[in-house]
Amino acid sequence: MMSSRRPFGVHRRARTPREQPLIARPPAGARPAAPRARRRRPAVIRVHDVSKTYEVGQIKVRALRGVSLRIERGDFVAIMGRSGSGKSTLMNILGCLDAPTSGRYEIDGTDVSQMDEDDLADLRNRKIGFIFQNFNLVARTSAIANVELPLAYAGVGREERRARAADALASMGMANRLRHQPSELSGGQQQRVAVARAIVTNPSLILADEPTGNLDSRSTEDVLAIFARLNAEGRTVVLITHEPDVAAQARRVIRLSDGEIVEDERLLGLRDPLPSARRLKSGHTSAAAHIAETKR
Ligand code: ADP
Ligand code: MG
């Protein structure tokens with residue numbers, strides 16, 4: 001499904017950075033401000049009655065039907081649902097990769113439909129980090145060069161780019177794999193590179209579409225621990241998964257069916273610590289997993 005869409009930033013050419021940044025952000029390397037300092041700011045995501053209809057020849061596919069959703073800053077939200085229920089469509093709208101057919105989407109109180117392509121590109125680059133199931137790394141290109149890409153698009157100079165990309169990879173435990181190409185890395189390692197690429201611009205919102213779908217249980221636990229850490233640093237995380245054990249790591253679980261939200265469950269308050277990553281993909285024999293499965 002993702003192959004028909006433009007991989008994050010990959011075909012976007014470098015552009016000169018605007019003098020007045022569209023989105024205020026902390027200096028390089030700084031962590032997002034603590035949640036307390038942000039209490040008065042609007043919800044990071046507000047979706048109002050959003051529908052999306054794809055037209056393929058004569059056939060219309062209603063992928064989203066009147067979805068309304070508010071996501072608070074610092075939350076960790078899992079989106080679940082069967083294949084074809086509209087999860088990726090919703091995620092692509094949340095990430096400003098695609099526009100709704102009707103309805104409104106606001107990010108940090110700004111109506112996205114009012115923004116031009118340049119502002120949208122800026123917003124995506126500065127504010128949002130994407131992670132995909134198939135990693136979407138550029139082949140035959142070193143890990144560090146992959147992670148540098150979003151900084152190159154943002155017009156960051158070569159030396160600073162190298163240093164920040166190396167830092168981001170080191171924070172993912174990949175300091176000794178900087179020169180490896182994707183084909184020379186395991187799935188879990190490729191996903192770490194992809195996470196490093198997503199966070200190197202210091203975004204406050206992390207969007208991940210089935211990030212553990214191609215990973216074994218050990219790598220899944222590692223990647224979830226990384227998401228928990230990014231969330232503890234104040235970043236908002238929205239993650240699509242079809243695995244109940246993965247969703248159980250979130251603070252809130254939203255379930256989509258046929259393009260509609262059919263369930264919205266809060267597991268943890270915004271300030272509660274996340275459960276540490278437990279054993280995953282163990283055959284889904286636990287009671288919790290069983291309940292989650294039968295609720296589908
Ligand atoms: P999910 O991620 O939950 O599997 P998607 O959001 O990818 O679901 O798809 C929702 C529905 O929209 C499906 O019926 C799918 O076939 C259709 N769809 C998704 N993307 C496109 C597209 N680019 N063109 C036409 N139909 C699409
Ligand atoms: Mg999908």
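Here is a quick tour of this protein model, from the overall build to a few helix contacts and a ligand shell.

This is a predicted model, so local features are given only at pLDDT of at least 70 and side-chain atom pairs only at pLDDT 80 or more, while totals for chains, interfaces and linings use all residues. Residues are numbered from 1 along each chain as its sequence is written, and chains are lettered from A and ligands numbered from 1 in the order in which they are written.

**The big picture**

- The protein has eight helices and ten strands; these are DSSP runs numbered from the N terminus, with helices being H or I of at least four residues and strands being E of at least two.
- Of the 296 residues in the protein, 42% are buried (20 or more other C-beta atoms within 10 Å of the residue's own; exposed is 12 or fewer, partly exposed is in between, and C-beta atoms are placed from the backbone).
- Take the contacts between residues at least 6 apart in sequence: 74% of them join residues at least 24 apart (a contact needs C-beta atoms, placed from the backbone, within 7 Å).

**Helix 3 and its cover**

- Helix 3 is mostly covered, with nine of its eleven residues buried.
- Among those buried residues are Asn146, Leu149, Pro150 and Tyr153.
- Helix 2 (117–127), helix 4 and helix 5 (187–199) are included in what covers them.
- Ile144 sits in helix 3, and it counts as buried because it has 20 C-beta neighbours inside 10 Å.
- Leaving out residues up to four places away in sequence, Ile144 touches Arg162, Ala165, Ala166, Leu169, Leu178 and Arg179.
- The C-alpha atoms of Ile144 and Asp167 are 9.8 Å apart, although 23 residues separate the two along the chain.
- Just after helix 3 comes Gly155, with a positive phi of about 85 degrees.

**Helix 3 meets helix 4**

- The axes of helix 3 (residues 143–153) and helix 4 (residues 158–171) come within 9 Å and cross at roughly 120 degrees (axes are lines fitted to C-alpha atoms, for helices over the stretch in contact, and angles run from 0 to 180 degrees between N-to-C directions).
- The two helices, helix 3 and helix 4, are therefore oblique to each other (under 35 degrees is roughly parallel, over 145 roughly antiparallel, 65 to 115 roughly perpendicular, and the rest oblique).
- On the helix 3 side, the contact residues include Ile144, Val147 and Leu151, and on the helix 4 side they include Arg161, Ala165 and Leu169.
- The residues of this contact split into nine nonpolar, no polar and four charged (Ala, Val, Leu, Ile, Met, Phe, Trp, Tyr, Cys and Pro are nonpolar; Asp, Glu, Lys and Arg are charged; the others, Gly among them, are polar).

**Helix 5 meets helix 6**

- The axes of helix 5 and helix 6 (residues 217–232) come within 9 Å and cross at roughly 15 degrees.
- Helix 5 and helix 6 are therefore roughly parallel to each other.
- Gly187, Gly188, Gln191, Val195 and Ile199 of helix 5 make the contact with Ser219, Asp222, Val223, Ile226 and Leu230 of helix 6.
- Sorted by type, the residues of this contact are five nonpolar, four polar and one charged.

**Around ligand 1**

- Ligand 1 is surrounded by 14 residues, the closest being Tyr54, Ala63, Lys87, Ser88 and Thr89 (a residue is near a molecule if its C-beta atom, placed from the backbone, lies within 6 Å of it).
- Strand 1 (45–56), strand 2 (59–71) and helix 1 (87–94) each supply at least two residues of this shell, and helix 1 gives the most, with three.
- The shell residues divide into five nonpolar, eight polar and one charged.

How values were computed:
Two residues are in contact if their C-beta atoms, placed from the backbone, lie within 7 Å.
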